[in-house]
Amino acid sequence: SDRSTQRSWPDVAFPSMRLLSLLQLASAAGYALRGAAPQPAASAPLRRARSLAMMPNSILEEAAEAAVLTDPRSSTTPAAAAECAHGGGDTGRSALILGWFFAKDRELEYVRRMYAKNGFDEVVIRPSKVGLISKPRGWYRTLRRQLQPGRRRAEPRSQSVDSQSLDSLDRHFDVVHCMSGGFLALYVLLRSKVGLRFSTLLCDSTPILPKPAAFTRFARAYLASIGLRLPLKLLPERLHQWLVEGRWWLSIFYIKMKHRLLTLLGRLQGVELNRWMSGPVDWGLSGDYDRVATHALGTIYEGAAQCAGSEIIFLYNKADPFIDPADVANAAELAREVGLAVREVETSTDHIKALFSSPRTVFSLLRRGGEGGEEAAAGDAAREGGGAAGGAARS
C-alpha cells in the first residue's frame, strides 16, 4: 500500500540519524573485540587467501577473486540438462517474476496478465520485500532461516500477490525476470540454497549490486523521482554514500558479532552460513564491496549454468539514473567470461517500464529460440509515448 511505502522508503534512501553518534562507539568496540586495528586495503589479498584456503574451489570463489573464470556449464548434470531442454514439464512455458521495490499488488498483477497473454501458462510472482532485500541484516535473516541446521523454514505469512515458501521455488523456470531490486532477491534466493533453475534470465533495469555506491545512486534517483529534491541539495552524494557505508558497517558488525556469539554458545550455524560469514560478510566489514558484488554475480551465474544453453539478457536504458551503466557492462562481461550466452539490449523507456510501455520488446526477447528483441526495441523507442501502467513504478 502507499502507507507501507511511505514507512519503508527511508530504509533505502537514508541511514538512521543516530548513525553519527554510534559510529565512533561501534568502531572502537569492534576493533576491541577483534583485537586488532583497522587493516589497510593492501592486506586484502592476504585476507582473501586465508578465507578461501578452507573452501572448495568453484565459480563462486573464483568470481570473488575476480580471476579468469572456468566455464560453469561443465557443472551441469545430465538430469538438469534434460529438465531444461524439456522446459521442466509439459504444461507450457513458465516464468518467475522477482518484483521491484515498492511494487503494488495491482502492478504485479498486471505483469502476471501480460505474461499469461504472451503464452506463459505458469507465472509465479515474488515481491521483493524492502526490509529483507535492501539491507545486509535482511540478507542474513533470510539465509539463516534457510541454512541453519534444524531451523524451521516456514516463511512469515505474506499479504503480497504471491506468498510461496522458498521450497516451492526448488524447480525449473523457463524465464526468471528480475526487475530492478529483484536482482538482489535472486542473489539471496540462490545463496539460501534454493534449487532454482532457469533457461533465460532477464535483467530488467538491473543489476543493482550489493554495494553502498549502487544503493546511494538508487536512493538519490528514488528521492528525485518522488519530488524530494531538497534533501538531495542538503546532502552531497559523497556524504550520502559515506552515511550508507556507515550504516552497512554497523549492520555487518552486528551480524558478525551475533554469529560469533551463537557459535560460542554451541548453536550450530551450518557450513554454508559459515562460509557466507567468512566470505561476503568479512569482505563487507573490511570495505571490499567490489568483491562482494562480484561474488553476488558469481552466485547468480552459477545458478544460470545449471541449464545448458542458458542465456542472460540485460535490458536497460543507459540514461536510467537508478543504475550505473558501468555495472551493467561489467556484469555482462563477467557473464561472457564464464561462458554464458549474453545479450545487451538498450531501451529508451524509464526504469523498469519496458514491460508497461513497450511489451513487444520484452516478449520478442523471450521468444522460443531467442531471436528478436533488438528490432522491437528500436521500433518501440520510435513510438514511445504513453505507458500501459500509468504510474507504475520505480524500482
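Okay, some housekeeping. Because this is a predicted model, local features need pLDDT of at least 70 and side-chain atom pairs count only at pLDDT 80 or more, while totals for chains, interfaces and linings use all residues. Residues are numbered from 1 along each chain as its sequence is written, and side-chain values use heavy atoms, with hydrogens and water left out.

So, the overall picture. The protein has 18 helices and 6 strands; those are DSSP runs, H or I with at least four residues for helices and E with at least two for strands, numbered from the N terminus. Of its 395 residues, 54% count as buried, and buried here means under 20% relative accessible area, with exposed over 50% and partly exposed in between (1.4 Å probe, protein chains only). Now contacts, meaning heavy atoms within 4.5 Å: if you take those between residues at least 6 apart in sequence, 80% join residues at least 24 apart.

On to the salt bridges. How many does the structure hold? There are 12, counting a side-chain nitrogen of Lys or Arg within 4 Å of a carboxyl oxygen of Asp or Glu. Let me walk you through a few.

Let's begin inside a helix. Glu 109 pairs with Arg 112, with 3.3 Å between the closest N and O atoms. Both sit in helix α6, residues 105–117, and they are 3 residues apart, about one turn of the helix. Glu 109 is partly exposed, at 29% relative accessible area.

Next, Arg 197 and Asp 170, which meet at 3.5 Å, N to O. This pair links distant parts of the chain, 27 residues apart: Arg 197 is in strand β4 (residues 197–204), and Asp 170 is in the loop between α8 (136–147) and β3 (172–179).

Arg 191, Lys 193, Glu 272 and Arg 275 are linked in a network of salt bridges. Have a look for those four in the structure above, and that's me done.
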